[in-house]
Amino acid sequence: MVSVRTVHNPERPGFENWLAELNLSDTTKAKLASISDQPDILLVGQEMVEILHELQMDDETLLAALVFPYCEIHKLNEEQILEEFGKPIQQLVLGVRRMNAIRTLYSSQHVKTDETQIDNIRRMLLSMVEDVRAVVIKLAERICRLQQVKNADEETRVLIARECAEIYAPLANRLGIGQLKWELEDLSFRYLRPDSYKQIAKLLDEKRKARQRYIHDFVSFLQDYMDKEGIKAQVLGRPKHIYSIWKKMQKKGLGFDQLFDVRAVRIVADRIQDCYGALGAVHAHWKHLPREFDDYIATPKPNGYQSIHTVILGPEDKTIEVQIRTEQMHQDAELGIAAHWKYKEGKTGTDSFEEKINWLRRILAWQEDAAESGELVEELRSQVFEDRVYIFTPKGDVLDLPKGSTPLDFAYYIHSNVGHRCNGAKISGRIVPLTYQLRTGDQVEILTSKEMNPKRDWMNPQSGYVHSSRARAKIHTWFKKLDRDKNLAAGKELLEAELVRAQLSTKIPDDVMARFNVHSTDDLYVAIGGGDVRIMQVVNYLQQKITPKPDIDPRVKTKAPSKNTGKGGQIEIEGVGNLMSTLAGCCQPLPGDNIMGYITLGRGVSVHKQGCEQLINLLNQNPERGIEVNWSGEVKGAFQTKVEVICFDRDGILRDITTVLGNEKVGLLGVHSESNVEQQTANIKLNLEIRDLNSLARLITKLERLKSVFEVNRLEQ
């Protein structure tokens with residue numbers, strides 16, 4: 001049946017007297033009294049405190065429960081809670097608020113869950129593991145909410161009741177808090193199936209006196225019998241819960257009078273030996289039903305529940321369910337995880353760590369229960385749990401990483417420098433290889449050296465050193481920076497030597513940077529040293545700027561229409577009149593590129609970028625066919641080119657790329673994408689229509705600024 005507590009009693013004592021009845025410190029009482037100025041909100045807080053006080057929760061939990069309703073209506077913000085009540089209370093309240101992400105679990109059956117919601121659920125889970133008290137406060141708050149909507153419209157009642165029945169009651173069950181589980185179930189059942197609830201409540205009420213008299217007589221007889229047998233135990237009647245009665249009737253197809261456990265007693269013994277002694281005594285005196293016997297002491301339930309259940313034929317051959325357990329088992333069954341909240345303060349080291357692991361397993365098991373019941377979507381289940389591992393730092397903090405992560409992934413998650421210095425790892429004190437795949441519940445300790453010394457092999461997907469894109473990106477950045485220093489020195493040496501050989505100044509003009517799409521002279525040296533820019537391209541460009549072109553007889557200079565892909569585009573061909581020209585498909589030159597022509601047989605002049613490998617090969621065979629060409633000042637229209645984007649493979653990356661193309665008014669003729677599942681990267685090749693080289697440079701800059709993109713290249717072919 002649903003509990004009725006003192007705060008619902010019209011004759012309840014005043015707030016000061018109510019506080020005095022609670023076993024709290026004077027400091028806590030003073031703080032509670034400081035926020036008692038709003039009766040309606042206070043009433044909710046009082047009810048939550050009553051529930052939690054029955055669970056023997058500590059002062060911090062009770063204070064956080066009374067503060068929480070004020071936070072929900074924005075009468076207190078995070079800063080005010082921190083200032084008035086301290087950080088522990090603030091963190092508890094924030095933990096309770098994070099549990100609102102549970103609504104995402106519930107609503108995700110009908111609405112696609114986005115990445116932000118999934119992140120919120122992860123943070124909620126970590127908060128739940130970090131401090132179990134926040135979960136217990138949330139369960140108490142839901143009970144209060146169910147009581148508040150008693151007179152609300154049916155839609156509101158059903159919505160709240162379904163959420164509590166499908167999410168919070170299973171959570172309370174997994175945590176073993178029977179006292180709250182039954183209350184959540186009965187209150188929800190009253191709104192979801194009001195006719196069934198009233199029918200069973202009426203049947204219980206009609207036979208209450210006879211049943212209570214029968215149980216009272218049996219309890220007295222059984223207590224005397226236990227004392228006579230020398231078994232230290234207390235015999236109690238057991239309350240019945242309407243939802244559990246209805247559920248058993250539905251499951252077994254039984255009528256109310258056919259239920260075995262409408263009449264039930266509980267034997268609470270001092271020791272486990274006394275439990276089995278009591279069982280033997282009961283079976284020796286009364287006939288029992290073998291099919292209704294369960295020993296949950298020898299084989300506890302997944303939520304830790306322990307007890308012996310048996311059904312006997314008592315006086316008048318009426319069935320009675322007898323539960324036998326120790327006092328500790330009884331406390332665990334009623335309070336569950338709430339009985340162990342003190343591990344946060346009272347335990348350190350291994351004991352605390354083991355408590356957290358067990359707590360974490362219960363949280364994950366609760367989610368599995370809900371998913372298997374068909375109430376949660378598979379997508380969310382996969383993204384939040386099956387694709388994540390929850391691990392512990394040496395201090396007991398909880399982190400979640402992608403499934404398949406290694407100690408190196410963990411190290412880089414902590415900090416880049418920890419990853420760069422990592423030279424070993426321990427799992428729960430045992431040395432493991434850096435390729436070890438982390439499992440939920442592992443406690444990871446990273447061993448570091450004084451010097452940063454990442455290995456290039458760490459980026460090799462076949463080696464299995466790193467799994468997460470985050471770690472791989474940090475390693476890639478390290479080596480890119482390391483190679484930059486080497487390439488800068490090599491590129492500078494190469495270019496300066498070649499410029500001296502060509503009798504050119506080693507001082508690089510500013511317009512060279514724009515020509516080769518770099519931001520500084522150092523970037524140019526790096527590009528040359530890394531092979532991204534050919535050294536002769538730079539030298540030829542500088543020679544053209546410094547050496548004037550020979551005068552050509554204007555009578556033989558003509559402009560010929562080009563057959564390029566640009567609309568109305570033109571190429572100036574030096575010394576040749578009315579000669580057809582086409583843009584070479586191998587290098588796809590753009591207005592602004594340095595170009596050169598090659599006289600073909602029957603197809604006019606093929607226009608290439610200077611430095612094009614195919615052009616070089618052609619000129620090596622027929623140097624006399626080379627001809628100087630230039631872009632006309634009247635070039636208009638669009639030209640084809642290809643660009644390669646190398647990025648991490650994430651949802652929405654292609655959408656972001658096409659958005660940039662649209663904003664830059666660049667036409668997309670085709671796209672080809674290849675994904676590397678192991679490295680979680682993508683190589684996207686774009687076939688584009690673009691106006692000129694400056695437009696391309698601007699586009700590349702915009703693409704490089706996109707999240708997850710770490711390289712953009714113009715393709716030669």
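**Entry: the whole chain**

What share of the contacts in the protein chain with a separation of 6 or more comes from residues 24 or more positions apart? I found 67%, where contact means heavy atoms within 4.5 Å.

A note to myself on the source: this is a predicted model, in which local features need pLDDT of at least 70 and side-chain atom pairs count only at pLDDT 80 or more, while totals for chains, interfaces and linings use all residues. Residues are numbered from 1 along each chain as its sequence is written, and side-chain values use heavy atoms, with hydrogens and water left out.

I listed 28 helices and 21 strands in the protein chain; these are DSSP runs numbered from the N terminus, helices being H or I with at least four residues and strands E with at least two. Of the 717 residues, 47% are buried. Here buried means under 20% relative accessible area, exposed means over 50%, and partly exposed lies in between (1.4 Å probe, protein chains only). The accessible surface comes to about 36,000 Å², and carbon and sulfur atoms hold 48% of that; the areas come from the Shrake-Rupley method with a 1.4 Å probe, and for residues only the protein chains shown count as cover.

**Entry: nonpolar cores**

Next I went to the largest nonpolar core, which has 55 residues. Such a core is a set of buried Ala, Val, Leu, Ile, Met, Phe, Trp, Tyr and Cys residues joined through side-chain atoms within 4.5 Å. L52 and L184 touch the most other members. Among the elements that give two or more residues to this core are α3 (39–54), α4 (59–72), α9 (132–148) and α11 (178–192). A second, separate core has 31 residues, including V607, I684, L688 and L696.

Beyond its neighbours within four places in sequence, L52 contacts M57, T61, L62, A65, V136, I137 and A140.

**Entry: the four-stranded sheet**

In what order do the 4 strands of this open sheet stand? The order is β19-β20-β18-β21, with antiparallel pairing; two strands count as paired if DSSP finds at least two bridges between them. β19 (667–676) and β21 (709–715) each have a single partner strand, so one side of each has no neighbour in the sheet. From one strand to the next the twist averages 20 degrees.

β19 and β20 (residues 681–690) are joined antiparallel over 9 bridges, and G670 sits opposite N687 in β20.

Two helices lie across strands of this sheet. α27 (residues 653–663) lies across β18 (639–648), β19, β20 and β21, at about 20 degrees to β20. α28 (residues 693–704) lies across β18, β20 and β21, at about 160 degrees to β21. For these angles, axes are lines fitted to C-alpha atoms, for helices over the stretch in contact, and angles run from 0 to 180 degrees between N-to-C directions.

β8 (residues 422–427) runs antiparallel to β10 with 5 bridges between them, and G424 stands opposite L447 in β10.

Is α20 mostly covered or mostly open? It is mostly covered, with 6 of its 8 residues buried: P407, L408, D409, F410, A411 and Y412.

**Entry: salt bridges**

I counted 14 salt bridges, each a side-chain nitrogen of Lys or Arg within 4 Å of a carboxyl oxygen of Asp or Glu.

- R97 pairs with E72, the closest N and O atoms being 3.3 Å apart. R97 is in helix α6 and E72 in helix α4, so the pair ties together parts 25 residues apart in sequence. R97 is partly exposed at 27% relative accessibility, and E72 is partly exposed at 31%.
- E141 pairs with R142, with closest N and O atoms 2.9 Å apart, and both residues are buried. K138, E141, R142 and E163 are linked in a network of salt bridges.
- K181 pairs with E185 at 3.3 Å between the closest N and O atoms. Both lie in helix α11, 4 residues apart, about one turn of the helix, and both are buried.
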